[in-house]
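Open the model in a viewer and keep a selection tool at hand. The stops below go from a cavity to the nonpolar cores and then to salt bridges.

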Amino acid sequence: MGERKRIPLGIFALLFFVISTSSLHLLHASDDIYDATFYESFDEDFDGRWIVSEKDEYNGVWKHAANEGHEDYGLLVSEKARKYAIVKELDEPVILKDESVVLQFETRLQKGLECGGAYLKYLRPQEAGWKPKEFDNDSPYSIMFGPDKCGATNKVHFIFKHKNPKSGAYVEHHLKFPPSVPSDKLSHVYTAILKPDNELQILIDGEQKKKANFLSSEDFEPALIPPKTIPDPDDNKPEDWDEREKIPDPSAVKPDDWDEDAPLEIVDEEAEKPEGWLDDEPEEIDDPEATKPEDWDDEEDGEWEAPKVTNPNCETAPGCGEWKRPMKKNPAYKGKWHAPLIENPAYKGIWKPQDIPNPAYFELKKPDFEPIAAIGIEIWTMQDGILFDNILIAKDDKIAASYRETTWKPKFIIEKEKQRQESDTGSSGLAIIQKKVFDLLYKFADIPFLSAYKFEIRNLIEKGESQPNLTVGILVAVVVLIVTIFLNIIFGGKKKPARVEKKTKTPAAETSTNQGSAENEENKEEETSKGPRRRVKRDN
């Protein structure tokens, strides 16, 4: 037997480091479970632990299902266009008063989200007037948090209900300018951190997207603390209050030469009828090839008339029918006269009622949140495939961060990599298709009857190759160009009538005419390839 190879000591050290680090990481995650106020992993079936609403309108079926591509389970919205409601009572209410509270959960929109919600409701104690089996939209909550998307709505809600200490009514306060919902099908984790100094932080995938203050009127609508003063509802604007900043000058007089009746346009008396105008020819004539249908009944259908077609005599003439001088802009037109505006000496500004002390005003050092006694999901959605997972309530963001690292991040990395690979595969497939399309276009450019236009076609194709994202547009442009050339070759041949203008030839013009005679001969050939242009008579 040969001598056994000795394994370097460094390898043992590296293996020991990896194993010990992994073990410590798992032990740390295990410890966090006991540090959490509430945690639901959905590793086990929810049946018997979560209560599904028995109200008839909530007929969506919840399922305990695996996250696509993972050996991890969650609570699944399994049907489209349904209402869903399910609730989990906490062992003890969570008090939102003198310490931080972190609300966190994961969702994955496995089939996207066009119209629906994926948010959680943190419910008040049942003494507020609700029962788990009757959980619905009216069940009183303390906080609503999570993504919602439908039509113009695209936001991660944060809404809290707060009891007005003066009126006793509960008011919904909505976070202003909330972050948007990620537009993909990956797992995302949503975190709301409520701090005792009235600060709110909204995180998506561990990244802060919004910071707000519960007492700030700039962050919540309506503001938690009412304004100290309000406009007096009994105050009325005085009758002599003038809000006009400028007024017409009362001393201004319309000029004597201002003609308000002058028309906007007048007949161009200098215009002359073009040579060759056919006054006695109608623009349209009866179709000489049309025949009366055999089944035409004059008594029932009326007298038959042949359909009209363009008069062929007008195609080569500058126009047909009665010629009328065209209209032109009237230089004397001024329109209706108005006195110029001047500063209003009686102007007092825009009136507004005076402020009075707000009878509903109260002071508050921090919100008086209602306790959280249960977590509910009550949504209406047009999409299925929404998966909820790893619902957490904790007193420290470090605990929430640990859960993000151990439960969400590994899945997100796998999903992101798969998305990248699918994108690369799709891009390479598109590139192959684009190459085949451009190869075909180059073959079209080599067709003999297109030889006169080969340079233009190839130039257009080369532009498309340099900008592959324009492949479809380039393809359409080339096809239109080829069809246009083909139609010109087939149906061309009539000379385009020249535009007739008033002749005032100068010596310089005669010289340029002689010099351009060769060019005119070439232009004639081009004009014969285009169809005749019909001239329409001008009306007053």
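Select the lining of the largest cavity: seven nonpolar, one polar and four charged residues (Ala, Val, Leu, Ile, Met, Phe, Trp, Tyr, Cys and Pro count as nonpolar, Asp, Glu, Lys and Arg as charged, the others, Gly among them, as polar). Among them are Leu-96, Phe-214, Lys-366 and Phe-369. A cavity is a set of points on a 1 Å grid over the protein atoms alone where a 1.4 Å probe fits but cannot get out, and lining residues have an atom within 4 Å of a point. The volume, about 100 Å³, is the space filled by probe spheres set on the points, which are joined across faces, edges and corners.

This is a predicted model, with pLDDT of at least 70 needed for local features and 80 or more for side-chain atom pairs, while totals for chains, interfaces and linings use all residues. Residues are numbered from 1 along each chain as its sequence is written, and side-chain values use heavy atoms, without hydrogens and water.

Next, select Tyr-122, Phe-145, Phe-158 and Phe-388, the residues with the most contacts inside the largest nonpolar core, which has 57 residues. Such a core joins buried Ala, Val, Leu, Ile, Met, Phe, Trp, Tyr and Cys residues through side-chain atoms within 4.5 Å.

Then pick Asp-384 and Lys-111, a salt bridge with its closest N and O atoms 3.0 Å apart (a Lys or Arg side-chain nitrogen within 4 Å of an Asp or Glu carboxyl oxygen). Asp-384 is buried at 10% relative accessible area, whereas Lys-111 is partly exposed at 47% (buried is under 20%, exposed over 50%, partly exposed in between, with a 1.4 Å probe and protein chains only).

Finish at Asp-72, Glu-106, Asp-389 and Lys-411, which salt bridges link in a network.

How values were computed:
1 Å grid on protein atoms, 1.4 Å probe; cavity = no way out; pocket = protein on both sides within 12 Å on 5 of 7 lines; lining within 4 Å.
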